[in-house]
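User: I'd like a close look at one part of this protein, and then a word on how that part sits in the whole. Here it is.
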Amino acid sequence: MAKVAILGLGTVGSGVAEVLTKNASSISRRAGEEVTVKYILGRHDYPESPFRDLVVQDFSIIENDPEVTVVAECIGGTGAARDYTLRALKAGKSVVTSNKEVVAEYGDEFLAIAREKNLNYLYEASVGGGIPIIRPLGSCLAANEISEIYGILNGTTNYILTKMIKEGLSFDTALAEAQEKGYAEADPTADVEGHDACRKICILASLSFGRHIYPRSVPTTGITGVTAADVALAEAAGMKIKLLGRAIRQEDGKVVAYVSPHLLPEDHQLAGVEDVFNGIVVCGDAIGDVMFYGRGAGKLPTASAVSADIIDAVKHKDRRQNMDWAPGGDEVVGDYSLLPMKWYIRTSERDVRIGTVFGDVETVTAQEASGDRAVFTGLLTRKELEQRLAGFEAKTCLPVLE
């Protein structure tokens, strides 16, 4: 019998307990032995919870119990989550997690300890909620040299942008609706400023390219600067605006990763990913482009991914799953400002001024844009673009992905 401890009884933790209990028979069959929850670490007694009898408030009880072989970290953040993860691994327990922040910051550290102790550190639920993406990258697509991975990695911002595009809502109104429906937190900073997507692209890039890409190395722009005028001009050009996390391996082996709103043609495979759904594209030399699609968050989708990792940790307790990467460093990271891209610029400048700065380029207008127009450039690096924009009024400047 395999005994599991769950850290946290919030949305994800309670969902994991529910899935492991409700599907106990099939989970035990797939794991090769019975899987039961022995402890749930919580800050309170939770008298209303059906799992209240399993709650403990002292992690050392879990840490020092040799019967517990797998710990599911569902706390969030990097404080207690990092401490408990380190202690669990050093105590000889495999760890699974849904916590993208701690994986993005310290994944290489945890993976090194797991290697040393022949344990598993698994993190499928840290990216894409219930979308299987981590395991396919580490197994099904392992024969490929991956050149690029990118996608819509945050359901909250995708919901907001969908509302702005389809219903003409302002950013503030769409955000308020997302909060009312529970898609956005009371403090939505991590979502709307792109930090959540940044952490997720760091994890995907680290696994895809084999070296840790730290969030501090990833230029990140959220969606707070996207306006109704931008949405209208994009539509007039046959495009949609989506927040993407993107990581590209360059010819010299360095990885350029960044997060930004992008304009996509309406026929792009990610343009139709709407509401709280996520879409992730992996570009491999053998397989070509592969897209993963589904709900990127939510209690039960995320709990499903955590529970699958628990099954793997139990089933493979005597051998490791190879989901590793090595530590990163400045020598791994390419310069985002030197990446050639096409650009969308919203401006109120007239044609003669645009022609002087950019030459013969495409411009688009829209009645809803209040006199502004869109300029679509050819390939320019960010550094080249900034040089051209010196003294030029650019109200919005976003990359275009074709």
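How far apart are the end C-alpha atoms of helix 12 (residues 299–315), and what should its 17 residues span at 1.5 Å a residue?

Analyst: Before the numbers, some ground rules. This is a predicted model, where local features need pLDDT of at least 70 and side-chain atom pairs count only at pLDDT 80 or more, while totals for chains, interfaces and linings use all residues. Residues are numbered from 1 along each chain as its sequence is written, and side-chain values use heavy atoms, with hydrogens and water left out.

Now, helix 12: its end C-alpha atoms are 24 Å apart, and the 17 residues should span 24 Å, so the two agree. The expected span here is 1.5 Å times one less than the number of residues. Helices (H or I, at least four residues) and strands (E, at least two) are DSSP runs, numbered from the N terminus.

Next, what's tucked away. Buried means under 20% relative accessible area, exposed over 50%, and partly exposed in between (1.4 Å probe, protein chains only). The buried residues of helix 12 include Thr302, Ala303, Ala305, Val306 and Ser307. Further along helix 12, Asp309, Ile310, Ile311, Asp312, Ala313 and Val314 are buried too.

Helix 12 also turns up when you look from helix 1. The buried residues of helix 1 pack against helix 12, as well as strand 1 (2–7), helix 2 (24–31) and strand 2 (35–41); contact means heavy atoms within 4.5 Å. Those buried residues are Val12, Gly13, Ser14, Gly15, Val16, Ala17, Val19 and Leu20. Helix 1 (residues 11–22) passes the length check as well: its twelve residues should span 16 Å, and its end C-alpha atoms are 16 Å apart.

Stepping back, the protein has 14 helices and 15 strands, and buried residues make up 57% of its 402 residues. Among contacts between residues at least 6 apart in sequence, 73% join residues at least 24 apart. One example of a buried strand residue is Ser260, in strand 9 (residues 255–265), which counts as buried at 4% relative accessibility. Leaving aside neighbours within four places in sequence, Ser260 is in contact with Thr221, Lys242, Leu243, Leu244, Leu398 and Pro399.

As for overall dimensions, the C-alpha atoms fill a box of roughly 75 × 45 × 35 Å along the principal axes.
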